[in-house]
Amino acid sequence: PLASVWLATVGDTLPVFVARETYSTVAVFQNRCDHRGARICLDDAGRGSNDFHCVYHALRYDLRGNLASVAFRHGVNGKGGMDASFRMEDHGPRKLRTATLFGLVFGTFSADTPDIETYIGPGVLPRMERVIGGRQLEIIGRFVQVLPNNWKMYAENVRDSYHASLLHLFFATFKINRLSQGGGLIVSSNGGNSVSSTIAPTETTDKAYAGIRSVDDGFHLED
């Protein structure tokens with residue numbers, strides 16, 4: 001991982017920064033200036049920056065979200081400026097508790113959330129490690145889709161494994177999710193995390209798809 005790189009994204013409904021100050025230090029903080037709530041930075045990502053300036057009143061923040069300077073803090077020509085009691089360390093955007101696991105960055109505003117390993121749970125954690133542990137992850141693109149629904153709908157959808165073959169053409173047509181394979185869905189005890197597990201089928205030809213509406217033998221990939 002590189003130092004002095006950052007990414008602007010969204011945590012729940014709040015715009016946030018994910019910034020790597022050093023090779024081992026990651027900070028996440030709200031992308032809202034503490035002064036008037038303007039976005040601290042309007043770009044999506046970058047590298048090489050050591051600080052950010054709010055475009056509204058030029059308040060400057062470092063890569064940890066700490067307020068580093070205030071325009072006209074001491075006034076102009078000895079007149080005006082901030083009160084002598086003003087302390088920069090008392091001001092700044094909201095910061096998230098962060099944890100890095102297998103190259104993924106997790107954040108929360110809650111002080112009561114358990115450590116990330118406990119939150120993910122012993123049923124899901126080793127399966128995450130099997131897939132991405134010890135590997136160098138690379139982001140090859142970004143895709144954002146707005147779902148105008150209660151967040152619980154999506155959370156429940158990804159835990160509904162049997163709809164994939166019935167609904168999604170590419171799953172059934174290309175036999176990505178085979179009806180003859182074993183496996184199931186593992187949900188953590190707190191209900192917050194889940195993982196699908198599969199066991200490769202012993203049949204070379206899966207006849208269970210015959211007649212399913214989601215199969216389209218005339219559908220092919222261009223490449």
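In this predicted model, Val28 touches Val16, Phe17, Val18, Lys95, Leu96, Thr98 and Val105, when residues up to four places away in sequence are not counted. Val28 itself lies in strand β3, which covers residues 26-30, and its relative accessible area is 7%, so that Val28 is classed as buried. A further residue considered in relation to Val28 is Leu63, which stands 35 residues apart from it along the chain, while the C-alpha atoms of the two are separated by 8.9 Å.

Elsewhere in the chain, an open sheet is formed by 3 strands, arranged in the order β5-β6-β7 with antiparallel pairing. Strands of a sheet are, in general, paired through backbone hydrogen bonds, in either a parallel or an antiparallel manner. Between β5 and β6 (residues 60-62), the antiparallel pairing extends over 3 bridges, and Tyr61 in β6 is the bridge partner of Phe52.

The cysteines were examined for disulfides, and the count comes to 0. Cys33 takes part in no disulfide, the nearest cysteine sulfur being that of Cys54, at 3.9 Å. Because a disulfide requires the two sulfur atoms to be within 2.5 Å, the distance of 3.9 Å between the sulfur of Cys54 and that of Cys33 is too far for a bond.

Note on methods:
Residues numbered from 1 in each chain as written. Predicted model: local features only at pLDDT ≥ 70, side-chain atom pairs only at ≥ 80, totals over all residues. Heavy atoms only, no water. Pairing = 2+ DSSP bridges. Helix = DSSP H or I, 4+ residues; strand = E, 2+ residues; numbered from the N terminus. Buried < 20%, exposed > 50% of the residue type's maximum accessible area, 1.4 Å probe, protein only. Contact = heavy atoms within 4.5 Å.
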